[in-house]
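Let's take a friendly walk through a protein model and look at its pockets. Have the sequence and the 3D view ready.

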Amino acid sequence: MTTWCRFEKDSLTSYGLVEGSQVIAVEGTPFGEHSKTARAFPLGAVKLLVPVIPTTFYCVGINYKDHILKMAKKRGVEPSFPERPDIGHRTNNALIAHEEYIVKPADASDAFQYEGELVAVFGKRCRNVSKEDALDYVLGWTIGNDVSERSWQKSDRTLWRAKNTDTFKPMGPWIVTDLNPNDMETVIRLNGRETDRFRTNNMIFDAPTYISEVSKYCTIEPGDVMWMGTDGVPENMKPGDTVEIEISGIGVLRNSVVQGR
């Protein structure tokens with residue numbers, strides 16, 4: 001098991017290996033040749049960055065049965081389950097790191113919500129792979145918060161602002177290799193209060209299924225990410241709130257909300 005991060009320290013921006021309470025700077029990247037350097041820093045002394053900037057940012061939509069049932073009941077509509085795996089996209093401008101601020105736009109409604117998600121980070125080019133081999137192309141796993149403005153999601157023709165506004169996609173704090181999604185549990189807390197707890201892989205279509213299906217049509221490149229959807233019913237966030245998403249084996253992604261202009 002290896003823990004990769006991207007970090008900033010003084011004038012240095014680098015990939016690094018988290019080993020205990022230290023970060024060791026790496027020459028190269030996790031997706032190619034790399035080697036440790038002699039530069040090591042206390043973990044608490046560096047600024048963690050978004051662990052990877054993807055070339056393509058895939059994001060699974062409705063992928064948990066309980067989430068579909070509960071959200072349909074909340075909206076007063078009949079639940080609609082996906083018949084096959086399909087995928088959406090998010091934009092890099094929305095990415096922020098662990099401990100950075102989620103900015104709620106001044107014209108956003110009260111229906112401003114978190115979504116805690118497992119994120120696959122790809123380590124190899126992936127094209128037309130089988131479900132059985134799909135996880136061989138995953139370098140490791142991180143955590144995402146698919147922040148959503150629900151009134152925009154309902155009214156707009158696309159998700160261009162409801163999901164992709166600046167700061168709406170916290171991701172981190174790092175990438176952990178050699179984990180099994182079947183062994184993970186996701187816990188979400190709002191201001192320290194647990195709001196959801198679910199088996200991370202309790203999906204309608206699991207990660208290997210999605211990876212295999214997407215790779216039939218799209219070449220997935222090293223450093224690309226695939227967010228795997230959420231369970232439960234998210235609550236509204238407001239400025240001053242802090243949301244934590246914990247996934248066993250990875251750690252905690254923590255971000256606070258501030259008011260935008």
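Helices here are DSSP runs of H or I with at least four residues, and strands are runs of E with at least two, numbered from the N terminus. This is a predicted model, where local features need pLDDT of at least 70, side-chain atom pairs count only at pLDDT 80 or more, and totals for chains, interfaces and linings use all residues. Residues are numbered from 1 along each chain as its sequence is written, and side-chain values use heavy atoms, leaving out hydrogens and water.

A pocket is found on a 1 Å grid over the protein atoms alone: it is an open set of points where a 1.4 Å probe fits, with protein on both sides within 12 Å along at least five of seven lines, and lining residues have an atom within 4 Å of a point. Its volume is the space filled by probe spheres set on the points, which are joined across faces, edges and corners.

Start with the largest pocket, with a volume of about 370 Å³. Of its 22 lining residues, Gly61, Ile62, His67, Arg75 and Gln153 are the closest to the centre. Which helix gives the largest share of this lining? That is α1, with five residues; α1 spans 65-75, and α2, at 150-155, also supplies at least two.

Now turn to the second largest pocket, which holds about 210 Å³ of space. Its lining includes Met71, Lys74, Arg75 and Gln153. Here α2 gives the most, with four residues, while α1 supplies at least two.
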